[in-house]
Amino acid sequence: MKNNINSLIIGAAVVIAAFLFSSAFKNRNQSNDTISVTGLGKKDFVSDLIVWSSSFSKKNMNLKEAYAALDKDREIIKSYLISKGIPESNIVFSAVNINKDFEYSYDSNGNTRQQIFTGFSLSQNVQIESPEVDKVEGISREVTELINSGVELYSNPPEYYYTKLAALKLEMIAEATKDANARAQKIAENADAKLGNLKKSDMGVFQIIAQNSSEEYSWGGSFNTASKKKTANITMKLVYQVK
C-alpha cells in the first residue's frame, strides 16, 4: 500500500514537472517571436531666438572716475543699440564687477618684495535676447563701430535657440514611430509573417546639431547653440509580437 502511494506521488510529480517545463518552453518561444526595430525622426529648422552678450570695462586709479567712465560707455552702448532698432526692454545690463589691480615685484628667491596698486578695474556685461534673429546677428558683427568710438567692448558669439522645441519633439516622435513601424512591417512581410501587438517602445536621446556638419552625437544628448540653422534627431525603438 505504501509503495503504491509513493508511486502515485512520483508519477504526479513527473506530470506536473513536464507541464511546467512545457509551459515555460512555450512562453520562452512566444517571448522570442518578436521583431525589434529602430525608427528615426529628423527635422531641419531655423532658430527663432537669439541671445547675444558682450562686456565692456574701464580702469582708473580713482574709483569714482572709473564709475563715471563706465557709466558713459554704458550710455553710448545703449544709445547705439536703440539706434539699431533694439527695444530698450531687450537690453539688460548686469551689475558692475570691481577689481583692485596690483603689480608685484619679487626677490631672487621668488618671494613677493613689493605690491603696487595700479588702479580699479570695472567691468559690466550687456545682453540682448530677441526674436529678431537676423537683426541682432547683424549688429553683433558691426560692433567695431563701438570699438572705434572708444568703447572697450568684448563681444561673445551669439547663441541661437528655438522656442517651439516641445511641439517639434512630439512631431519627431510620431515620425520616428511611423518609420519604425514601416520597417517592422517590411521585415515581417519578407519573413512571411504578420505583426502582432506592440510589446515595448523606448525613446532614444534627443539630439540637436548644426545643419550639414560633422558634429558628433553625445551620449547624453547634444544641444547646439552656436548655429542658427539646426538639425534635430530622435530615435524610437519598438518591439512587436510576430504572428
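Helices (H or I, at least four residues) and strands (E, at least two) are DSSP runs, numbered from the N terminus. The model is predicted: local features need pLDDT of at least 70, side-chain atom pairs count only at pLDDT 80 or more, and totals for chains, interfaces and linings use all residues. Residues are numbered from 1 along each chain as its sequence is written, and side-chain values use heavy atoms, without hydrogens or water.

**Stop 1: helix α2**

Select residues 63-83, which form helix α2. The helix has 21 residues and reaches 30 Å from its first C-alpha to its last. That is close to the 30 Å expected at 1.5 Å a residue (1.5 Å times one less than the number of residues).

Now colour by burial: buried is under 20% relative accessible area, exposed over 50%, partly exposed in between (1.4 Å probe, protein chains only). A66, L70, D73, R74, I77, Y80 and L81 of α2 are buried. They lie on the same side of α2, because they cover an arc of only 130 degrees around the axis (taken from the directions from the helix axis to the C-beta atoms). Turn to the other side of α2 to find K64, K72 and S83 exposed.

**Stop 2**

Select L63. At 31% relative accessibility, L63 is partly exposed. With Y67 and I98, L63 makes a nonpolar surface patch of about 220 Å². Patch residues have over 30% relative accessible area and no salt bridge; like charges are joined within 9 Å, nonpolar side chains (Val, Leu, Ile, Met, Phe, Trp, Tyr) within 5 Å. A salt bridge is a side-chain nitrogen of Lys or Arg within 4 Å of a carboxyl oxygen of Asp or Glu. Areas come from the Shrake-Rupley method with a 1.4 Å probe; for residues, only the protein chains shown count as cover.

Move to E65, also in α2. E65 is partly exposed at 45%. Its C-alpha is 9.6 Å from that of F120, 55 residues apart in sequence.

**Stop 3: the aromatic pairs**

Show Phe, Tyr and Trp rings (for Trp, the six-membered ring): they pair if their centres lie within 6.5 Å, with planes under 30 degrees apart stacked, over 60 edge-to-face and the rest tilted. There are six aromatic pairs by this rule. F45 and Y162 are tilted, 4.7 Å centre to centre, with 45 degrees between the planes. F45 sits in strand β1 (residues 34-46) and Y162 in the loop between β7 (159-161) and α5 (165-190), 117 residues apart. F45 is buried at 7%.

Next, select F56 and F93. This pair is edge-to-face, because the centres are 6.2 Å apart and the planes at 90 degrees. F56 is in strand β2 (residues 49-60), F93 in strand β3 (residues 91-93). F56 is buried at 0%.

Finish at F102, Y104, F117 and F120, a cluster linked by ring pairs.
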